[in-house]
Amino acid sequence: MDSTLKTALPKINILGPDDAGYDEERMRCWNKDVIHRPAAIVQPTTTEEVSQAVKVASSKKLDLVIACGRHGHDCMKEGAMVLDLGKMTEVTVDKKSMTVTVGGGARLGDMDKVCQQHGVACVTGTNPDTGVVGLSTHGGAGYLSRQYGLAADNFVAAEVVTASGAIVHATPANEHKDLLWAVAGGGSNFGVITALTMKAHPMDHVYGGLVINVAPTVAMATRVVRTWRDWMPTQPRTVSVMCVLPCGAPVVPMAVVESDQALVPQAAGAKASLSCSPALQQAFGSGCGAFGACVSVKMLGRKQYHTELQPQLEAMQAEGHHYMSSVNVPHLTDTMVDALVAAARVDHPGGGEIILFSLTGAVADAKVESVAYAGAGRGKSTVWIVIIGSWKPDADGANRAKTKAWVQRVKEEMKALGGAESAHPLEGNMDADQGGLVQQVWSSNELRLREIKAKYDPDNFFKCNRNIKPTAAAYPVHS
Ligand SMILES: Cc1cc2nc3c(=O)[nH]c(=O)nc-3n(C[C@H](O)[C@H](O)[C@H](O)COP(=O)(O)OP(=O)(O)OC[C@H]3O[C@@H](n4cnc5c(N)ncnc54)[C@H](O)[C@@H]3O)c2cc1C
């Protein structure tokens, strides 16, 4: 570690490789494959301390990465200065303005815990361990997205420490409104977000859970996915069904929710059956197999949104060694479905899954230019495909290599069929070579993003991400 770092930042807890607690701290990542040996883990507790840390890192030209929920690829990057926001997890709910403000290091679980007490929820993702800011600034989709849009569509204000160390408060109406627009999908390109305010929506009990559709053959799994694809965008926005293709398993599981607060009985101790949701009743109520499966095991019921629905996938998305990527497709064509089912059923590396997330309803209402997130054009049947490869480490790294190759192959197949890169830094922050990718991720928003980058980070200090270069800087030329 740079020995002057502790002197320059005397009030901030800093862990270097020789300090007790350094190893324990860097190992606390969901994905064990991303754990390296950063030069220092810097743990500010206030926005002012973040500002001091950014000023020091910038003056020393240190390689800075931001760690929030630590689900990203580079949160413990080799040799980097990790700005660990894990001590800035405060959550406040303002019922009057129906907003929630989280600290830069808060996780979804932190937010849900406080939101439950107030009967509200924000649009977030489906795993309580994920960072709110890390998820939301790359779009952020979850059970409430068809009803209320992406997390990024719900930004109300952000406190941002920019590359100069300045503390800026961005709202839709002030002189930093461009910055708020940019962080709503532009990731960590513009600064460290130390507080994020989002719209809150009334939310308590929902109806939902998991359905395991048994589909032993490739043909049956294909039928289930195609039927789901055609059904989902036509349903009420309060209904969300996420479809999963686990590698090598004869099933197509689905995470299901009806979040309409008027349809689902809200009184304490109330009972509810599938019939409370006409859409779910139609999909899962008749026959034994839903969507063309031979049989469907339905684990559905009335659930408290924050404590029962939100954590339901945690056990299935366990810590371990993972390689992940994602791609947005404007429409999931039959050819794409065939390729995805074949990848999960026939030619898979052993462990992992492909998750299909329908970005329809309110997500499709928003215009592409409304926030920085572009997401393959926000079409009426857009699907976000998350490809997760998982393996048990072996001595020569062969399991990792074959799993990574599978993830990348599936992604490239989807891109060749018309898919676009997503903003998520799941697969590595790719700070070195971004030519072509940036245009795909942000499409028509890219030029405006580059101008805003030039204003707030002209020297491209925040570059450990899907890097948007300032207007004057050139991207590498691709042959
Ligand atoms: C198990 C799992 C489940 C997931 N589920 C969903 C889901 O349901 N919906 C969804 O949309 N996505 C989901 N994702 C993807 C997830 O949104 C991204 O991986 C996200 O970037 C993770 O954020 P993090 O804070 O947890 O990770 P980190 O590694 O801590 O951060 C990720 C990125 O965000 C940036 N960042 C973090 N905090 C800040 C901050 N305060 N200021 C500026 N930049 C910051 C970092 O620089 C980094 O580039 C999931 C990922 C995993 C691994």
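Lys61 is exposed, at a relative accessible area of 73%, where exposed stands for over 50%, buried for under 20% and partly exposed for the range in between (1.4 Å probe, protein chains only). This lysine sits in the loop between helix H3 (47–59) and strand S3 (64–67); helices (H or I, at least four residues) and strands (E, at least two) are DSSP runs numbered from the N terminus. Although not a glycine, Lys61 has a positive phi of about 50°. The model is a predicted one, in which local features need pLDDT of at least 70, side-chain atom pairs count only at pLDDT 80 or more, and totals for chains, interfaces and linings use all residues. Residues are numbered from 1 along each chain as its sequence is written, and side-chain values use heavy atoms, with hydrogens and water left out.

Ser443 also calls for a look at its backbone: its phi is positive, about 35°, and it is not a glycine. The loop that holds Ser443 runs between helix H14 (437–442) and helix H15 (446–456). With a relative accessible area of 36%, Ser443 is partly exposed.

Thr126 belongs to the loop between strand S7 (120–121) and helix H5 (132–136). Its relative accessibility of 10% makes Thr126 a buried residue. Beyond its neighbours within four places in sequence, Thr126 is in contact (heavy atoms within 4.5 Å) with Leu108, Gly142, Tyr143, Gln310, Leu313 and Phe357.

Turning to the whole chain, the secondary structure comprises 15 helices and 19 strands. The radius of gyration, taken over C-alpha atoms, is 22 Å, close to the 23 Å that the globule rule gives for 479 residues, so the chain is as compact as a globular protein of that length. That rule is 2.2 Å times the number of residues to the power 0.38. Of the 479 residues, 59% are buried. Among contacts with a separation of 6 or more, 72% join residues 24 or more positions apart.

Strand S16 (residues 321–329) pairs with S19 in the antiparallel sense over 2 bridges, and Val327 has Glu421 in S19 as its bridge partner.

Conventions
Two strands pair if DSSP finds at least two bridges between them.
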